[in-house]
Amino acid sequence: MPIVAPPAKVLVTGASGYIAAWACKTLLDKGYSVVGTVRSDSKGEKLKELFKDYGDKFSYAIEGAFDEAVVGVDAVQHTASPVTFAADDPQELIGPAVKGTTSILESVKAYAPGVKRVVLTSSVGSIYHQKTPPVFDESDWNVDAPKAIEKFGRNAPGPVKYGASKVLAERAAWDFMDRNKDSINFDLVAINPSFVWGPLVGPIKSEKELNGTVTFFRGYTSIRDPAPTREQLTAPGNCVDVRDVALAHTLALSSPEAGGERFIIDSGSYTYQDILDLIHEHGDHPDVPKGFPGAGKDVPRATYLNAKAEKTFGIKFRPLQEIAVDTVTYLRENGL
């Protein structure tokens with residue numbers, strides 16, 4: 001497929017979101033023009049102010065049907081999807097995630113013959129499943145979460161509901177591409193990040209403006225009563241910096257070999273105890289708890305192989321200490 005290179009125009013859905021705002025900035029930095037979909041004029045005007053140095057390269061459209069938004073663009077980054085572990089009914093997540101993904105693809109097919117590539121924000125939640133050893137690459141699919149939803153419904157754990165929404169939305173996207181391969185002019189790339197941290201793209205005035213993942217980070221890196229337990233601090237996960245996620249979305253547009261592929265975007269494993277230890281290694285942080293120093297060292301971890309993204313995009317992922325220090329610095333600079 002043809003490469004989508006600057007100064008092409010890119011539609012970014014859910015543009016005021018955590019990843020999407022960085023995606024907009026990264027595209028603008030690379031010389032693209034950006035149209036961002038937002039839920040309100042106030043969100044759109046806030047982004048216009050944030051990106052005012054780019055002149056008329058950034059504009060916004062109010063979210064609704066995607067049919068009008070896709071007209072005249074060369075590529076789409078579809079980032080808009082519910083992100084929460086607190087949904088009661090799993091369909092609160094699954095329905096909008098699947099519908100939003102298939103709707104944007106239908107709109108591109110019907111109204112945007114100039115679009116060459118759609119980049120979908122998926123997740124390692126679409127990849128993770130029970131296996132031994134827990135080493136994952138892009139051939140893995142989360143077959144467990146949809147089964148758990150069928151069996152337990154509302155009683156399934158929050159992360160399982162979220163994982164089901166991500167895998168079912170990504171599956172729906174690839175199924176659409178397969179069904180329509182003879183009648184579309186664009187290809188698809190899936191970006192599958194792990195837990196995303198790092199600074200927000202601009203300043204904020206209150207914790208209500210934080211996204212879910214950084215809210216988790218703030219909770220564990222702030223002194224609170226009661227303090228997190230040793231078990232909570234040593235629960236393992238995997239993470240990546242939001243700036244690297246945004247860069248992957250942008251490089252996915254200009255990489256010929258990325259078309260039709262999935263990419264794990266991951267810096268490596270962590271426990272919150274690791275994060276506390278790395279922050280204190282970096283310098284004097286009296287407002288960050290110490291937890292149980294070293295307790296995360298021997299915790300078994302899952303591994304998400306990121307070699308495909310590193311090779312295809314040439315990305316060097318930020319290490320955990322840089323992610324942790326930059327995130328806590330951003331929070332403190334914004335009074336949080």
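Two strands are taken to pair if DSSP finds at least two bridges between them, and the strands themselves (E, at least two residues) and helices (H or I, at least four) are DSSP runs, numbered from the N terminus. The model is a predicted one, with local features needing pLDDT of at least 70 and side-chain atom pairs counting only at pLDDT 80 or more, while totals for chains, interfaces and linings use all residues. Residues are numbered from 1 along each chain as its sequence is written, and side-chain values use heavy atoms, with hydrogens and water left out.

Strands β7 and β10 are a handy place to start. Strand β7 (residues 187-193) runs parallel to β10, and 4 bridges join them. Within this pair, Ile-191 sits opposite Phe-263 of β10. Strand β10 (residues 262-265) is covered on both faces, with Arg-262 and Ile-264 buried on one side and Phe-263 and Ile-265 buried on the other. Here buried means under 20% relative accessible area, exposed means over 50%, and partly exposed is in between (1.4 Å probe, protein chains only).

Ile-191 and Ile-265 turn up again in the largest nonpolar core, which has 62 residues; together with Trp-197, Ile-275 and Phe-313 they touch the most other members. Such a core is a set of buried Ala, Val, Leu, Ile, Met, Phe, Trp, Tyr and Cys residues joined through side-chain atoms within 4.5 Å. A second, separate core of 24 residues includes Leu-11, Ala-112, Val-115 and Leu-120. In soluble globular proteins, nonpolar side chains tend to be buried together. Setting aside neighbours within four places in sequence, Ile-265 has contacts (heavy atoms within 4.5 Å) that include Ile-191, Val-240, Val-245, Ala-248 and Phe-317.

Next comes an open sheet of 3 strands, ordered β8-β9-β11 with mixed pairing. Its edge strands are β8 (195-197) and β11 (268-270), each of which pairs on one side only. Neighbouring strands are turned by 50 degrees against each other on average, direction ignored; axes are lines fitted to C-alpha atoms, for helices over the stretch in contact, and angles run from 0 to 180 degrees between N-to-C directions. The β8 and β9 strands pair in the parallel sense over 3 bridges, and Val-196 stands opposite Val-240 in β9. On the other hand, β9 (residues 237-241) and β11 pair in the antiparallel sense, again over 3 bridges. In that pairing Asn-238 faces Ser-269 of β11, and the bridge partner of Gly-237 is Tyr-270.

Strand β9 is mostly covered, with 5 of its 5 residues buried. Gly-237, Cys-239 and Asp-241 point one way, while Asn-238 and Val-240 point the other way. Cys-239 counts as buried because its relative accessibility is 1%, and Cys-24 counts as buried at 0%. As for disulfides (a pair of cysteine sulfur atoms within 2.5 Å), the structure holds 0. Helix α9 (residues 242-254) lies across β8 and β9, running at about 70 degrees to β9.

Helix α12 (residues 320-333) has 14 residues and reaches 20 Å from its first C-alpha to its last, close to the 20 Å expected at 1.5 Å a residue; the expected span is 1.5 Å times one less than the number of residues. Its buried residues, among them Ile-323, Val-325, Val-328 and Leu-331, pack against β8, α7, β9, β11 and α10. The helix is followed by Gly-335, whose phi is positive, near 75 degrees. On the α10 side, His-282 is found in helix α10 (residues 272-282) and is in contact with Gln-321 and Val-325, leaving aside neighbours within four places in sequence. The C-alpha atoms of His-282 and Gln-321 are 8.0 Å apart, although the two residues are 39 apart along the chain. At 47% relative accessibility, His-282 counts as partly exposed.

Helix α4 (residues 91-111) has 21 residues and should span 30 Å; its end C-alpha atoms are 29 Å apart, which agrees. The buried residues of α4, including Leu-93, Ile-94, Ile-104 and Val-108, pack against β1, α3 (66-69), β4 (75-78), β5 (117-121), α5 (144-152) and α6 (158-179).

Two cis peptide bonds are worth a look too. One runs from Pro-6 to Pro-7, with omega near 5 degrees, and Pro-7 lies in the segment before β1 (9-13). Another joins Asp-225 and Pro-226, with omega about 5 degrees; Pro-226 is in the loop between α7 (212-220) and α8 (230-233).
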